[in-house]
Amino acid sequence: MINRREFLATIGLGGTALLLAYSVPLEAKFKKEVMAMPYTAKDYSKLIGIEGFSETLLKNHFTLYQGYVTNTNKVLDTLEQMLKEGKTGVLEFAELKRRLGWEFNGMRLHEYYFENLGGKGGINKVGKLAKKMAEDFGSYEAWEKDFKAVGTMRGIGWAALYQDITNGKLINFWINEHDVSHPAGCNLILIMDVFEHAFMIDYGLKRADYIEAFFKNINWSAVETRLK
Ligand SMILES: [Fe+2]
């Protein structure tokens, strides 16, 4: 038995090629039904000008995000079509179902990310989030140290603060790529993109400097509203 990667390599199709193969007949359909597309890319251009993030870096990042929105719609539409045509038992259906988590989370996580940027002035130390951090980590500073340590781990992915809604506990997680390692039953509070595209244009390999810039721009009031 071969695994998924081997299957894709064997048939010479990467995920994108597979997607394109099925999306070709849908192009015309998209043009007709563009208003029915379930997801629309949000406009985050108001972030342009924030300290420590160049316009070039942000615009590239917005474009990448828009690609996830487009692909999420394409994957969902293709899967819907395959269901209607009774093609659920084929390998292509299974591969697109696997890909959906990547594209959807690529879209949604970037929305959380851009929406938790654009703030100034640091966390309100007497606010409910800072108090909860102190409760769960000992102090805000201890939480920040832990979160930054997650962000500087080798590899590409996300540093994410989650709240376990079963007991309210705050936990920092390393999210490996978009669709792996998210804790079930938890609510996303704060997320930091540490894929190379998020910082290399401005910082090269100096990821720690990017993380400092990220912290200067966290929109803590938006973040705090995510707390349950
Ligand atoms: Fe990103």
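A crossing of two helices is called left-handed if the near helix is turned anticlockwise from the far one by less than a right angle, and right-handed if clockwise. The structure shown here is a predicted model, in which local features need pLDDT of at least 70, side-chain atom pairs count only at pLDDT 80 or more, and totals for chains, interfaces and linings use all residues. Residues are numbered from 1 along each chain as its sequence is written.

The description starts with a pair of helices. Helices (H or I, at least four residues) and strands (E, at least two) are DSSP runs, numbered from the N terminus. Two packed helices are described by the angle between their axes and the distance between the axes. Helix α4 (residues 55-84) and helix α5 (residues 91-115) have axes that come within 8 Å and cross at roughly 150°; axes are lines fitted to C-alpha atoms, for helices over the stretch in contact, and angles run from 0 to 180 degrees between N-to-C directions. The crossing of α4 past α5 is left-handed. Among the residues that make this contact are Y65, Y68 and V69 of α4 and F93, L96 and K97 of α5. Two residues are in contact if their C-beta atoms, placed from the backbone, lie within 7 Å.

Helix α6 (residues 128-137) has the buried residues L129, K132 and M133. Because these cover an arc of only 105° around the axis, they lie on the same side of α6; the arc is that of the directions from the helix axis to the C-beta atoms. A residue is buried if 20 or more other C-beta atoms lie within 10 Å of its own, exposed if 12 or fewer, and partly exposed in between, with C-beta atoms placed from the backbone. The face of α6 turned away from the buried side carries K128 and E135, which are exposed. The buried residues of α6 pack against α7 (140-151), β2 (170-176) and α10 (220-224). After α6 comes G138, with a positive phi near 105°.

The next element is a sheet. Strands of a sheet pair through backbone hydrogen bonds, either parallel or antiparallel. Two strands pair if DSSP finds at least two bridges between them. Strand β1 (residues 157-164) is joined to β3 by 7 bridges, and β1 and β2 also pair over 7 bridges. L161 stands opposite L190 in β3, while in β2 its bridge partner is N172. A further bridge partner in β3 is M192, which faces A159. Between β1 and β2, which form a hairpin, there are 5 residues, and G168 in this turn has a positive phi of about 80°.

Strand β3 (residues 186-193) is mostly covered, with 6 of its 8 residues buried. I189 has its place in this strand. Why does I189 count as buried? I189 counts as buried because it has 23 C-beta neighbours inside 10 Å. Not counting residues up to four places away in sequence, I189 touches L161, Y162, Q163, V223, R226 and L227. The C-alpha atoms of I189 and N172 are separated by 9.7 Å, and these residues are 17 apart along the chain.
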